[in-house]
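Subject: Handing over the structure

Hi,

Here is the structure I promised to pass on. Have a look at it first, and then read on for what turned up.

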Amino acid sequence: MELLFIALGGAILGLLARYLLPDRDRHGVVLIPAIGVAVSAVLWLALTWAGWPWDGGWIWVVTLVVTAVAVVAADILIGRSRKAHDDQRLTELLSGKVPVA
């Protein structure tokens with residue numbers, strides 16, 4: 001049951017990152033929340049297997065903080081990367097050097 005709650009927390013953090021950070025038009029609606037769910041679930045399982053008690057407070061804090069950092073980093077990196085690629089492709093298309101497929 002705790003895994004479900006932590007996955008929900010990851011999804012919420014992903015949604016917050018998606019709508020509070022710039023360049024949200026550069027990736028899909030579900031990408032960043034899905035990254036949040038995946039990071040939080042995998043980290044929760046890893047910490048549980050490492051012997052951290054699931055009813056302790058630190059496992060919750062560490063999982064949610066690392067998830068928040070991961071979704072913010074993913075959102076920023078994906079947005080910048082796709083923006084640079086889009087700008088490069090637009091320049092190529094406008095110069096006439098690349099045929100439109």
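A word on terms before anything else: helices (H or I, at least four residues) and strands (E, at least two) are DSSP runs, numbered from the N terminus. This is a predicted model, in which local features need pLDDT of at least 70 and side-chain atom pairs count only at pLDDT 80 or more, while totals for chains, interfaces and linings use all residues. Residues are numbered from 1 along each chain as its sequence is written, and side-chain values use heavy atoms, with hydrogens and water left out.

**The overall picture**

The protein chain has 3 helices and 0 strands, so in sequence order the pattern is α-α-α. Its C-alpha trace spans about 60 × 25 × 20 Å along the principal axes. The radius of gyration is 18 Å, whereas a compact globule of 101 residues would come out near 13 Å. (That radius is taken over C-alpha atoms, and the globule rule is 2.2 Å times the number of residues to the power 0.38.)

Of the 101 residues, 25% are buried. Buried here means under 20% relative accessible area, exposed means over 50%, and partly exposed is in between (1.4 Å probe, protein chains only). As for contacts, meaning heavy atoms within 4.5 Å, residues 24 or more positions apart account for 64% of those with a separation of 6 or more.

Helix α2 covers residues 31–49, and its 19 residues reach 27 Å from first C-alpha to last, close to the expected 27 Å. The expected span is 1.5 Å times one less than the number of residues. Among the buried residues of α2 are Ile32, Leu43, Trp44 and Leu47, and what covers the buried set includes α1 and α3. After α2 comes Gly51, with a positive phi near 100 degrees.

Helix α3 (57–95) has 39 residues and reaches 57 Å from first C-alpha to last, again close to the 57 Å expected. Its buried residues are Ile59, Thr63, Thr67, Val71, Ala74, Asp75 and Gly79; α1 and α2 are among what covers them. Gly96 follows α3, and its phi is also positive, near 80 degrees.

Arg18 sits in helix α1 (residues 2–20). A salt bridge is a side-chain nitrogen of Lys or Arg within 4 Å of a carboxyl oxygen of Asp or Glu. The side chain of Arg18 does reach the backbone oxygen of Arg24, at 2.8 Å. Leaving aside neighbours within four places in sequence, Arg18 is in contact with residues including His27, Val29, Ile32 and Asp75.

Not counting residues up to four places away in sequence, Leu13 touches Leu64, Thr67, Ala68 and Val71. Leu13 and Ser40 are 27 residues apart in sequence and 9.8 Å apart in space, C-alpha to C-alpha.

**The salt bridges**

How many salt bridges does the structure hold? There are 2. One joins Asp86 and Arg26, with the closest N and O atoms 2.8 Å apart. That pair links distant parts of the chain, since Asp86 is in helix α3 and Arg26 is in the loop between α1 and α2, 60 residues apart. Asp86 is partly exposed at 36% relative accessibility, and Arg26 is partly exposed at 22%.

Arg89 and Glu92 also meet in a salt bridge (3.7 Å, N to O). Being 3 residues apart in helix α3, they are separated by about one helical turn. Arg89 is partly exposed, with a relative accessible area of 31%, and Glu92 is partly exposed at 26%.

**One last residue to look at**

Asp23 lies in the loop between α1 and α2. Its phi is near 65 degrees, a positive value in a residue other than glycine. Most residues other than glycine have a negative phi. Asp23 is partly exposed, with a relative accessible area of 22%.

Happy browsing!

Notes
A polar contact is a pair of N or O atoms within 3.5 Å; within protein, one must be able to donate a hydrogen and the other to accept it, and residues adjacent in sequence count only if both atoms are side-chain atoms.
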